[in-house]
Amino acid sequence: MTQTRARTVFLLAHTGRPAAIRSAERVVQGLLKHGIGVRVLESEAADLPLPPEVELVKEATPACLDGAELLIVLGGDGTLLRGAEFARASGVPMLGVNLGRVGFLAEAERDDLDQVVDRVVTKEYEVEERMTIDVVVHRNGDVVHRDWALNEAAVQKTEPERMLEVVLEIDGRPVTGFGCDGIVCATPTGSTAYAFSAGGPVVWPEVEALLMVPISAHALFAKPLVTSPNSVLAVEVQPHTPHGVLWCDGRRTVGLPAGARVEVRRGAVPVRLARLHHAVFTDRLVAKFALPVAGWRGAP
């Protein structure tokens with residue numbers, strides 16, 4: 001029988017990585033030692049060296065986080081975005097430990113595992129909310145798909161040899177149209193993800209805004225646009241163009257037939273992130289991208 005504990009943490013790990021398996025074992029042992037219960041998905045448990053007192057959950061649904069105070073995610077950007085799906089649906093804060101390359105969503109690195117356990121045990125962490133976007137796909141006036149994203153919703157071409165012809169709209173008014181490889185509609189959190197790779201600006205997380213970034217547009221005016229967080233962005237796929245595809249956070253996808261319309265607006269439900277450090281975003285940016293700051297002297 002699983003021992004009932006006053007506090008429970010849900011653990012999500014990329015079990016395909018040896019580093020994640022070792023890290024998971026270390027975190028589990030540390031939490032159990034301090035009387036904090038640990039819950040994991042049954043599908044991941046077979047790959048993890050877990051003691052019998054760990055609670056196993058069969059189905060990967062938001063309900064599996066019922067009663068949990070925190071969701072700890074061990075892995076790279078993909079695993080962290082997977083964790084964000086659980087965090088948004090359940091309202092449970094997510095604490096990410098980066099085992100990948102950049103990991104802007106992560107709050108800690110693999111060398112910080114002991115500190116992560118200590119902070120969870122003592123509840124020395126703060127929770128901040130990150131803006132999301134809600135995405136609606138229309139076809140012939142009907143809603144055919146609904147989705148959401150923490151980072152971005154990307155409308156992309158599917159035929160490498162042909163461009164996707166689109167018209168961009170903001171707040172019900174047309175802005176411009178062109179052929180392109182795609183359009184990224186992003187949050188400030190997503191400004192350092194796909195939108196950044198497409199040439200968009202880096203937006204500090206506390207800035208409330210929406211981004212629209214063209215990908216390889218064949219046009220004179222094809223600059224990244226930053227709008228109010230209350231704006232409604234729309235990408236209309238022209239009727240004469242090849243069909244496209246919509247990707248949300250690079251995880252969920254749906255086909256876009258010619259003539260489809262994608263609307264993006266501020267999400268109704270944010271993702272809650274647990275923070276261990278008070279470091280400003282500037283320092284995080286410099287550290288994640290290894291930016292050269294040698295010679296900086298600062299204010300006199």
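Predicted model: local features only at pLDDT ≥ 70, side-chain atom pairs only at ≥ 80, totals over all residues.
1. Sheet order. The strands β9-β8-β19-β16-β11-β12, listed in their order across the sheet, make up an open sheet of 6 strands with antiparallel pairing. The edges are formed by β9 (142-149) and β12 (173-180), each of which pairs on one side only. On average, and with direction ignored, neighbouring strands in this sheet are turned by 20° against each other.

2. A pairing within the sheet. Strand β16 (residues 233-237) and strand β19 (residues 261-266) run antiparallel and are joined by 4 bridges. In this pairing, V235 of the model has V262 in β19 standing opposite.

3. Cysteines. The search of the whole structure returns 0 disulfides. For C185, the closest cysteine sulfur belongs to C248 and lies 9.9 Å from the sulfur of C185, which is too far for a bond, because a disulfide requires the two sulfur atoms to be within 2.5 Å.

4. Aromatic pairs. Over the whole structure, 5 aromatic pairs are found. One of them joins F10 and F86: the ring centres are 6.4 Å apart and the planes stand at 25°, so the pair is stacked. The centre distance falls within the 6.5 Å limit for pairing, and the angle is under the 30 degrees set for stacking. Because F10 lies in strand β1 (residues 7-13) and F86 in helix α3 (residues 77-90), this contact ties together parts that are 76 residues apart in sequence. Both F10 and F86 are buried.

5. Aromatic cluster. One aromatic cluster is formed by F104, F196, W204, F281 and F289.

6. Largest pocket. The largest pocket holds about 490 Å³ of space. Its lining comprises 25 residues, of which E128, E129, R130, P205 and E206 are the closest to the centre. Both β7 (126-130) and α6 (281-289) supply at least two residues each to this lining. Strand β7 gives the most, with 5 residues.

7. Which residues of the lining are closest to the centre of the largest pocket? They are E128, E129, R130, P205 and E206.

Terms used
Residues numbered from 1 in each chain as written. Heavy atoms only, no water. Pairing = 2+ DSSP bridges. Axes fitted to C-alpha atoms, helices over the stretch in contact; angles between N-to-C directions. Phe/Tyr/Trp six-rings, centres within 6.5 Å; stacked < 30°, edge-to-face > 60°. Buried < 20%, exposed > 50% of the residue type's maximum accessible area, 1.4 Å probe, protein only. 1 Å grid on protein atoms, 1.4 Å probe; cavity = no way out; pocket = protein on both sides within 12 Å on 5 of 7 lines; lining within 4 Å. Points joined across faces, edges and corners; volume = space filled by probe spheres on them.
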